[in-house]
Amino acid sequence: ADDEDSDTVGPSVCDDDKSSEKTTTDALRGVWASLWKGGAWEERDWYGMDQRDVAMAVLVNDQSEDEQANIVAFTGNPTGEDERWLIEAQVGDTDVVSAQSGVTPERTLLTVEGGAVVAFERMDASSEVAAGEEVLSDTRLYEVGALLLEVDAVMPHDEEAPEGTLVLWDTEQKYLEDGRGIIKQIRPFARAD
């Protein structure tokens, strides 16, 4: 709608909370530009990737109102500190990946043995819930863990991991207002091993 209205100054026709317009063109430009951010360049360089061989894709997701939780979950621990699987979750539509300063997610490590989640340890609470409250219940942690196990079992790897690396699956998930859990995206994550 912001692409098609008669002005370019706002407020946003698409999102009443935004004082400026949010056009599709600007969003696509931002996605493309993120390929060349310093952190992305440095990570590719660290893994020895040729910067001329990279490309960008665009993922379009439905936006939902009143989400219950946003989740980033890995089929391992991206830091390599141990072999447990990491789940970071935030209440509502609060961002996990690009959070504002001082906003921290709930952080839980899952122990996976014999193709099942056998235990979990809550490491940190979300800064956005009251003391003693949790973003993800025990039941939901096991649901996310079961989904990660399925992803790990069925997702194909495009090619072999570079020597000295372990490929994990990095997922972004959410629980919608009606309680349904969905996967927003899945991508490989190469961890130094």
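Ile87 stands opposite Thr108, a residue of strand β3. The model is predicted: local features need pLDDT of at least 70 and side-chain atom pairs count only at pLDDT 80 or more, while totals for chains, interfaces and linings use all residues. Residues are numbered from 1 along each chain as its sequence is written, and side-chain values use heavy atoms, with hydrogens and water left out.

Strand β2 covers residues 85-91, and β3 covers residues 106-113. Helices (H or I, at least four residues) and strands (E, at least two) are DSSP runs, numbered from the N terminus. Five bridges connect β2 and β3 in the antiparallel sense; two strands count as paired if DSSP finds at least two bridges between them. Strand β1 (residues 69-74) also runs antiparallel to β2, again with five bridges. Within that pairing, Ala69 has Val91 of β2 as its bridge partner. Six of the seven residues of β2 are buried, where buried means under 20% relative accessible area, exposed over 50%, and partly exposed in between (1.4 Å probe, protein chains only).

Strands of a sheet pair through backbone hydrogen bonds, either parallel or antiparallel. Here six strands form an open sheet with antiparallel pairing, in the order β4-β3-β2-β1-β5-β6. At its edges lie β4 (116-124) and β6 (181-192), each of which pairs on one side only. Neighbouring strands are turned by 20 degrees against each other on average, direction ignored; axes are lines fitted to C-alpha atoms, for helices over the stretch in contact, and angles run from 0 to 180 degrees between N-to-C directions.

Strands β5 and β6 are joined by 11 bridges and run antiparallel. One of the bridge pairs between them is Thr171 with Ile186 of β6. Helix α3 packs on the sheet and touches β1, β2, β3, β4, β5 and β6, contact meaning heavy atoms within 4.5 Å. The direction of α3 makes about 120 degrees with that of β4.

## Salt bridges

The structure has 14 salt bridges, each defined as a side-chain nitrogen of Lys or Arg within 4 Å of a carboxyl oxygen of Asp or Glu. Among them is the pair Lys174 and Glu67, with the closest N and O atoms 2.7 Å apart. Lys174 lies in β5 and Glu67 in the loop between α2 (38-46) and β1, so this pair ties together parts 107 residues apart in sequence. Both Lys174 and Glu67 are buried.

Glu83 and Arg191 form another salt bridge, at 3.4 Å from N to O. This pair links the loop between β1 and β2, which holds Glu83, to strand β6, which holds Arg191, over 108 residues. Glu83 is exposed at 56% relative accessible area, whereas Arg191 is buried at 3%. Glu172 and Lys184 also form a salt bridge, their closest N and O atoms being 3.9 Å apart. Glu172 is in β5 and Lys184 in β6, 12 residues apart. Glu172 is buried at 13% relative accessibility, and Lys184 is partly exposed at 24%. A network of salt bridges links Glu106, Arg122, Glu134 and Asp138.

Pro162 sits in the loop between α3 (138-154) and β5 (165-175). With a relative accessibility of 43%, Pro162 counts as partly exposed. Pro162 and Val151 are 11 residues apart in sequence, and their C-alpha atoms are 21 Å apart in space.
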